[in-house]
Structures are given as structure tokens and as C-alpha cells.
Amino acid sequence: MEEIVKHLTPLLKEITGYIYPNEIELHWGLLIVIYPYLTGLVAGAFILASLVKVFNVKEVQPTYRISLLTALAFLIVAPLPLLAHLGHPERSFEIFLTPNTSSAMAMFGFVYAWYLMAVLLLEIWFDYRRDIILWAEKESGWKKWMHKITSLFSSDISERALRFDRKAAKIITIIGIPSAFLLHGYVGFIFGSVKANPWWSSVLMPIVFLFSAIVSGIALVLLIYMIVTPLRKKNIDMACLNKMATFLFLAMIVDFSLEALDFVHRIYESEESIKILTQLVSGKLFSSLIVVQLLIGMLIPLGAIAAVKIFKWPDELKRLTYFLSAILVQVGIFSTRWNVVIGGQLFSKSFSGLTVYKTTFLGLEGLLVSLGLLLLPFIILYILFYVLPPWEEARAA
Amino acid sequence: MTDNRKLGENQERSSGRRKFIGGLFASFTSLLVPGFLRADNKSKDVKWIIAGGYSPNDHHWGMGIDISKCIGCGRCVEACKRENNVPLVPFFTRTWIERYRILENGEVLIDSPDAGMKSFKEESTEDNVVRSFFVPKICNQCENPPCVQVCPVGATFQTADGVVLIDSEYCIGCRYCIQACPYGARFLHPETRTAEKCTFCYHRIVKGLAPACVEACPTQARIFGEIKKKASPLVRFLRMNKINVLKPYLNTEPKVFYANLDMEVK
């Protein structure tokens with residue numbers, strides 16, 4: 001109690017205009033920024049994987065399994081920021097037991113469980129099953145058991161069984177695409193359906209979330225692929241990289257167009273909230289929205305990738321451009337999430353004033369925990385790479 | 001012979017399947033048990049309300065606020081905080097008073113220091129103020145409440161008498177309801193870590209008492225009562241005044257009605 005008062009009292013001085021007394025405490029902080037960022041990466045990485053299986057884009061095959069494992073690693077971490085931000089994390093299971101059917105948020109548990117159980121884990125299992133069985137045969141000791149358990153003690157690698165595996169993986173991917181759309185589009189809906197908040201309330205929100213998710217997912221897998229491959233002393237497949245960059249570029253164009261549409265639409269309709277939103281965008285959100293999200297996270301990487309496509313640059317320069325662009329895209333998408341979540345709470349619902357957000361360093365909702373949550377998926381991914389090597393040469397002959 | 005054996009095998013297999021499906025069904029059903037147990041406990045909790053002979057179905061509560069009568073003394077805010085165990089610090093409140101000062105140049109100054117609990121100080125800008133008034137705010141007990149719609153576990157709900165309540169033993173503290181409320185009426189209680197808001201002093205109204213803020217108001221700016229019964233003072237208030245509600249375009253259908261509401265008030 002005293003701690004909260006100590007945290008909030010200095011903020012009183014930084015308020016401009018008038019905000020309701022209960023609005024001084026900003027409720028969805030850094031953790032809720034991280035949550036859509038993580039689920040976006042999951043959905044995006046999965047969409048990239050589906051390019052191989054469903055749309056038969058052969059070039060990105062080397063990243064297929066990396067994408068699946070990346071999606072899994074980030075999906076495992078995705079609910080943690082939500083859990084950490086709850087006032088009563090120990091009651092979180094009530095969402096499963098007594099969901100309120102009219103609440104968008106109540107569906108979270110079901111969407112999440114569906115995506116984890118029915119899509120990702122199943123697809124990974126079917127895709128890896130043959131390899132795991134063969135690995136287990138050659139290995140000994142605890143590694144053998146680890147793989148035996150992950151194969152769920154199946155041992156049938158007859159042609160018929162493998163054919164079924166392939167078919168199953170394909171069907172799951174087909175189901176997986178709308179599921180990935182659902183997973184992240186639904187997160188967008190949680191924000192987009194809040195009619196009290198004009199910054200959030202937009203029918204475009206789910207679809208903007210979705211395309212920014214695809215952008216961030218492709219960029220992340222591109223980064224992981226570009227970092228891991230030289231570490232394993234292998235050569236980066238340029239055809240794969242070029243193709244990924246093309247898809248990244250296309251997704252960014254769609255994402256940018258949607259966001260531009262949303263922006264133009266707001267200005268053109270110029271509703272009651274336009275004054276306070278203009279103040280917000282030209283003031284407190286200027287650096288994170290205009291500079292970081294739009295310029296650094298969108299226009300510069302778009303221009304850079306376009307330049308690679310137009311001019312015949314040497315591979316070395318292409319790789320550098322892709323790498324730097326993908327990093328900028330990550331920064332940009334993170335700040336997109338920030339601008340939605342935090343931006344939507346910086347203005348008062350009285351439309352008469354602006355408030356501030358200051359994160360703490362320690363504490364469950366502090367900076368340290370947030371950094372930990374951003375790091376954790378990579379640790380899980382490292383373990384997954386060890387248990388289920390996604391590399392082409394690791395495939396059992 | 002072989003046919004018979006096949007038939008037997010099939011029967012065995014299908015009975016196995018039936019068993020499996022049965023088992024599956026039973027294990028999924030068992031997931032609901034804690035919910036039922038809790039619900040049973042809950043009904044004991046609410047018995048104190050019904051015990052006094054109060055029947056929610058016989059009432060429909062609302063509040064009228066006459067802005068021209070409010071003097072901004074802040075006694076309602078203090079009475080509410082003391083009655084409902086709300087921290088006496090400025091950041092959490094179930095009701096508050098806003099002061100509006102409209103200047104000569106059309107500029108509107110709004111403030112609510114300490115939620116208006118310690119009343120308001122005169123300031124040097126007073127010279128060029130053309131109009132000034134106080135607006136008490138409170139949960140609007142919407143007929144169509146967005147907070148109830150979004151609560152993921154159903155911890156916030158609308159009773160038959162139209163009051164929106166929160167079960168603080170059930171609230172998980174996700175704060176979606178706080179985001180969904182267009183009026184800023186909700187907050188997270190810093191001690192219980194659950195959502196809080198005005199309940200029309202539900203513990204008082206079931207006993208036939210008025211809410212604490214209504215009782216504390218020295219000018220009778222707040223009128224509490226039945227919306228539908230003809231003999232109610234609130235119905236008279238609604239009939240005698242030009243009435244408005246806050247943010248009507250959001251279709252939340254507030255049950256807190258304002259008389260003499262200025263267009264600057266949001």
C-alpha cells in the first residue's frame with residue numbers, strides 16, 4: 001500500500017490537463033506489452049513454417065523446423081507475463097473453470113490450449129516422429145530415454161505410418177493457419193473491442209495485430225537462422241534468406257498499409273477523441289510512435305530491403321542489410337505493442353488530460369522480470385534445439 | 001468360425017472404445033467439480049442479504065444528481081471512503097467531485113484534487129471565470145455494463161435490482177473491467193488486489209438505508225431511490241428536471257441521472 005502511494009505520488013505532478021482520480025495508476029504495464037509481442041512472434045513464426053508445408057515454398061525449408069520450435073518456445077512463455085500481472089495469480093484457473101462467455105479474455109485459455117495442444121505440439125510431434133525414433137535407436141543412456149519419451153514410445157516407421165505422419169502434419173498446418181490467425185487476431189480483439197477507449201476501439205485492430213505478428217515472426221526466425229547457422233559453422237542458404245526477406249517485405253507492406261489506413265481514417269473522421277489523441281501522438285508518444293515504430297521500425301527496413309531487391313548487391317552486403325533490418329523490425333514491433341498498450345492508457349477517458357507511465361526496476365511488474373521474460377524463450381529454444389535438432393543434417397537417414 | 005472370432009474381437013474393441021470414451025467424459029466432468037463446490041460455498045455467503053427479507057427482484061435502483069445543488073464540500077467522498085474501507089489517499093476512490101471552471105476565452109479548467117475529498121481552494125484565475133460548477137461522479141451502474149461483459153471469470157455481475165457488484169473473493173485482478181469502464185469508476189484496491197467500485201452501498205440499501213454519500217450530502221444534491229416505482233423521490237426528480245447521462249452515445253445506459261449537466265462534462 002505505502003509502496004504504491006510512494007510510486008504514484010510523484011506522478012501527480014506530471015499529469016497535464018485533467019484525468020479521473022482512478023486513472024493515475026496505469027493498469028496494464030510493461031508485462032502486457034510483452035504478452036502481445038510474444039504471441040505475435042508465435043503466430044508469425046508459425047505462418048512462416050506453414051509457407052513450407054501448405055504453400056510449398058521450397059526455399060524456406062531450412063527454417064521450417066526452426067520456425068516450429070521458435071513458435072513453441074515463445075508460446076510456452078506467452079502466458080507468464082499475464083500470470084505475473086494478475087492481482088491474484090492463484091485464481092487464474094478460474095478462467096478455465098468458470099469462463100464468462102461474454103468476455104473476450106475468458107477465451108484466452110481455450111485459444112491458448114488449442115494452439116499449444118492441437119496445433120504446435122502435434123505438428124512438431126508428427127514432423128519429428130520418425131527422426132526421434134531413429135535417434136533413440138542409435139543413442140544410449142538418458143538421451144535414448146529422452147527421445148523415447150518425446151516419441152511417446154511409438155516405434156512404427158513403416159512407409160504407411162510415415163505417409164500418415166506427413167498427411168497429418170499437413171492437415172494440422174492447414175488447421176494451424178486459421179488457429180494462428182485466431183491466436184493473435186484474438187489478442188487484437190481484446191483491445192479492439194474496448195469501446196471506452198478510442199485509441200484501441202477499432203475493427204482493424206485484430207488484423208493490424210495479425211500482420212504485425214507475421215512481420216515480427218518472420219524477422220525473428222530470420223535473425224535466429226542468421227545467428228545459429230554461422231555458430232554451427234555452416235553456410236547460410238542465400239536462396240532461403242532472399243525468400244524470407246521477400247515475405248518479410250510483403251508482410252511489412254500490408255502491415256504498413258493497414259496502419260496507415262487506420263491513421264488516415266482517424267484523422268479524416270476526426271471524432272471527439274481526436275484532440276487528445278493528437279496531443280498524445282505529437283507529445284508523449286512522438287518518439288516511440290513516429291520515430292521508433294514508423295521511421296526506425298518500418299520505413300528504414302522497408303527501404304533497405306527494397307534497395308537489396310532493386311540493386312544487385314553482393315551477398316555479404318545483402319546479409320548485413322537483412323540482419324540489421326530484422327533487428328530494426330523487432331525494435332519497431334515491440335514499440336508497436338508499447339504504443340498500443342501503454343499509449344492507450346496515457347490519455348484520460350475524460351479526453352481532457354494526459355498521464356505518465358513509469359515502470360519500476362524490481363517487483364513482479366518491473367523491468368527485471370520483463371527482461372527475464374524476454375530472455376526465457378531463447379533459453380527454452382536452446383534446450384529445444386538440443387532435444388530436437390532442427391538442422392537438415394540432423395535428420396536421420 | 002473365423003467370422004465369429006472377428007465379431008467377438010470387434011465387440012471387444014467397441015466395448016473398449018466405449019469404456020475409453022466413458023473415462024474421457026468422466027475425467028472432463030471432474031474438472032467442473034471445484035466449480036460446483038465453490039458455487040455451493042458462495043450461496044452461503046449471500047444469505048445475509050436475503051436474511052433481512054430483501055428481495056432484489058422487487059427493486060430497481062438508480063441515483064439522481066443535481067449539479068446546481070453541489071457545493072463541492074467533499075463530504076460524500078469522505079463518507080464513502082470511511083463507509084467502504086477505501087484508502088484515504090488520492091489515487092483510489094469510489095466517488096469523486098470534479099470542479100469545472102469555464103474561462104472568458106472558452107478554456108475549460110477541470111480539477112479534482114484528492115478526489116475532491118478536502119473540498120476546493122480558490123485560485124488566482126478566478127477573475128476571468130464566467131461559469132463554475134461541481135460534478136459529483138460515481139459508478140453509473142449501467143444497465144448495459146461493459147465491465148460485466150469483459151470480466152473473464154464473471155466476478156463482476158449485475159444483480160436483479162440493477163446494481164453492478166464485484167465478488168472480491170473471485171476477482172483475479174486482471175483489470176480488464178477497469179479498462180472497459182468509460183467513466184473511470186473502477187480501481188484496483190491496493191490491499192486486496194481486486195477490482196473495486198461503488199456498489200450504491202449495497203450492504204446499506206438491502207437494509208433499507210440510503211448510500212453513505214447520499215446521507216452525507218448537506219444539500220441533497222444526490223437522490224437515491226427506485227427508478228420504476230411512482231412514489232419514489234427519484235422518479236419525481238426525473239420528472240421535474242431536464243435529465244442527461246454521461247457518454248450516452250456509448251449505449252451503456254447509465255442509471256445515474258444528472259440534472260443541469262453541462263456539455264463540458266465527460
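## Terms and model

Helices (H or I, at least four residues) and strands (E, at least two) are DSSP runs, numbered from the N terminus. This is a predicted model: local features need pLDDT of at least 70, side-chain atom pairs count only at pLDDT 80 or more, and totals for chains, interfaces and linings use all residues. Residues are numbered from 1 along each chain as its sequence is written, while chains are lettered from A and ligands numbered from 1 in the order in which they are written.

## Confidence

The model scores ipTM 0.92 and pTM 0.90. Where pLDDT is low, the predicted coordinates should not be read in detail.

## Chain A overall

Chain A has 14 helices and two strands. Its C-alpha atoms fill a box of roughly 70 × 55 × 35 Å, taken along the principal axes. Of its 397 residues, 43% are buried, meaning that 20 or more other C-beta atoms, placed from the backbone, lie within 10 Å of the residue's own; exposed means 12 or fewer, and partly exposed is in between.

Helix α9 (residues 205-231) of chain A has 27 residues. It reaches 39 Å from its first C-alpha to its last, close to the 39 Å expected at 1.5 Å a residue (1.5 Å times one less than its number of residues). α9(A) is mostly covered, with 19 of its 27 residues buried. Lys233(A) follows α9(A) and has a positive phi, near 60 degrees.

Leaving out residues up to four places away in sequence, Val215(A) touches Gly44(A), Leu248(A), Ala251(A), Met252(A), Asp255(A), Val329(A) and Ile333(A); contact means C-beta atoms, placed from the backbone, within 7 Å.

## Where the chains meet

The contact takes 37 residues from chain A and 41 residues from chain B. On the chain A side, α1 (2-8) and α5 (94-97) each supply at least two residues.

Technical notes
Contact = placed C-beta atoms within 7 Å.
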